[in-house]
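Student: Could you take me through the reading of this structure, feature by feature, with the general idea before the particular case?

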Amino acid sequence: RGSDLPPGFRVFVNVEPGSSVAALTERTTGPRLVAEITERALLRKPAELLRSVRRMRGRGCGIALDDVGAVPDSLSLLPFLAPDVIKLDISLVQGWPNADQARILTAVAAYAERSGASILAEGIETESQLQQALALGATLGQGWYFSHPGPLEHYPAPVQSIELLAPPAPEIGSPFALLDPRRIRTGTKGMLLAISRHIEQQGATLETPPLVLAAFQDASRFTAGAARRYAELSVRCPLVVALGAGMPAEPVRGVRGADLGAHDQLRGEWTVVVVGPHYTGALIAKDLGDSGPDLERRFLFALTHDSETVLSAARILLGRIKPL
């Protein structure tokens, strides 16, 4: 129980999205609890997990992203969970970093620098591994080098407490509502298609594969060409999403979909979002309702690389996805 912890200690607990979250936070006082989440949970049930994270943060819990470095997919998920603690996988501490691991560490360092998140190294068992963890930027560590499991009352209180970050603001409305009115322009669908495909192409060319999310208004706009492009992206990217009215749960193999309700604001918007460790970009547009040739239909739109705007738009889209 959280009330039994000596002063200054926090308890880290692995959790999965679902009803266990409420029971866990009721048994352990929020500020003493840090919930450990893996990137697998976000990929399987993104909307449910993000709701669970908001509930836990509302109770004062901290959030840790576990096993970072075990698979590259975790890098693009950092900004969505906005973890207070990033737990480096044991492979980064107990092995000599290779090129892939160096890419992971660069992304982790960049996120920690921007956000102020703490880096925790797992699996420290020797003095040399401790020095490697420190060189990797870790300020927290766990492993047998420090202690074997035992009663907490025999250990002194921590010298430094784990600071929790300010949680991201909840996303409301639609991606278009996020835009600065001064940045909005008017363009035809033909012009915006070129912009959207350029943004989508980042998923195929960025060194670390990003997340690609899009809302197409309705399933008929998800053409055979779009389906082919998104299927190709899904082979490389950890998560590829296509939303629209009448869109099935898997519009094409490897792509996550969701049907937009009759009153969903996204049915009047066209959004393409790409989020990676070092790149964020989005085309966000609103249909002006023109008739006539399809490629001449006009949209209000903005092309943005502002990280907060792009991430908020991406979270709005993630919130529509159903669990696998």
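Tutor: Let us begin with strand pairing, where two strands count as paired if DSSP finds at least two bridges between them, and where helices (H or I, at least four residues) and strands (E, at least two) are DSSP runs numbered from the N terminus. Here strand β3 (residues 62-68) pairs with strand β4 (residues 85-88) in the parallel sense, over three bridges, and leucine 65 has isoleucine 86 as its bridge partner in β4. This is a predicted model, in which local features need pLDDT of at least 70 and side-chain atom pairs count only at pLDDT 80 or more, while totals for chains, interfaces and linings use all residues. Residues are numbered from 1 along each chain as its sequence is written, and side-chain values use heavy atoms, with hydrogens and water left out.

Student: In what order do the strands of the open sheet lie, and which are the edge strands?

Tutor: The open sheet is formed by six strands in the order β1-β2-β3-β4-β5-β6, with parallel pairing; β1 (11-14) and β6 are the edge strands, each of which pairs on one side only. In a regular strand the side chains alternate between the two faces of the sheet. Helix α3 (residues 46-58) lies across β2 (33-37) and β3 and runs at about 170° to β2, where axes are lines fitted to C-alpha atoms, for helices over the stretch in contact, and angles run from 0 to 180 degrees between N-to-C directions.

Student: How many residues of strand β9 are buried?

Tutor: Buried means under 20% relative accessible area, exposed over 50%, and partly exposed in between, using a 1.4 Å probe and protein chains only. In strand β9 (residues 240-245) six of the six residues are buried, so β9 is largely enclosed by the rest of the structure. Strand β8 (residues 211-218) runs parallel to β9 and is joined to β9 by five bridges, and alanine 214 has alanine 242 as its bridge partner in β9.

Student: How many aromatic pairs does a search of the whole structure find?

Tutor: Rings of Phe, Tyr and Trp (its six-membered ring) pair if their centres lie within 6.5 Å, and planes under 30 degrees apart count as stacked, over 60 as edge-to-face and the rest as tilted. The search finds five pairs. Among them, tyrosine 145 and phenylalanine 146 are edge-to-face, at 5.4 Å centre to centre with 85° between the planes; tyrosine 145 is partly exposed at 34%, and phenylalanine 146 is partly exposed at 42%. Phenylalanine 216 and phenylalanine 222 also form an edge-to-face pair, at 5.1 Å centre to centre with 70° between the planes. Both phenylalanine 216 and phenylalanine 222 are buried, and Phe216, Phe222 and Tyr230 form one aromatic cluster.

Student: Is serine 174 buried or exposed, and what is in contact with this residue?

Tutor: Serine 174, in the loop between β6 (140-141) and β7 (185-188), counts as buried because its relative accessibility is 2%. Contact means heavy atoms within 4.5 Å, and, leaving aside neighbours within four places in sequence, serine 174 is in contact with Gln265, Leu266, Glu269 and Ile316.

Student: Where is histidine 278 placed?

Tutor: Histidine 278 belongs to the loop between β11 (269-275) and β12 (280-287), and counts as exposed because its relative accessibility is 54%. Histidine 278 and threonine 106 are 172 residues apart in sequence, yet 9.6 Å apart in space, C-alpha to C-alpha.
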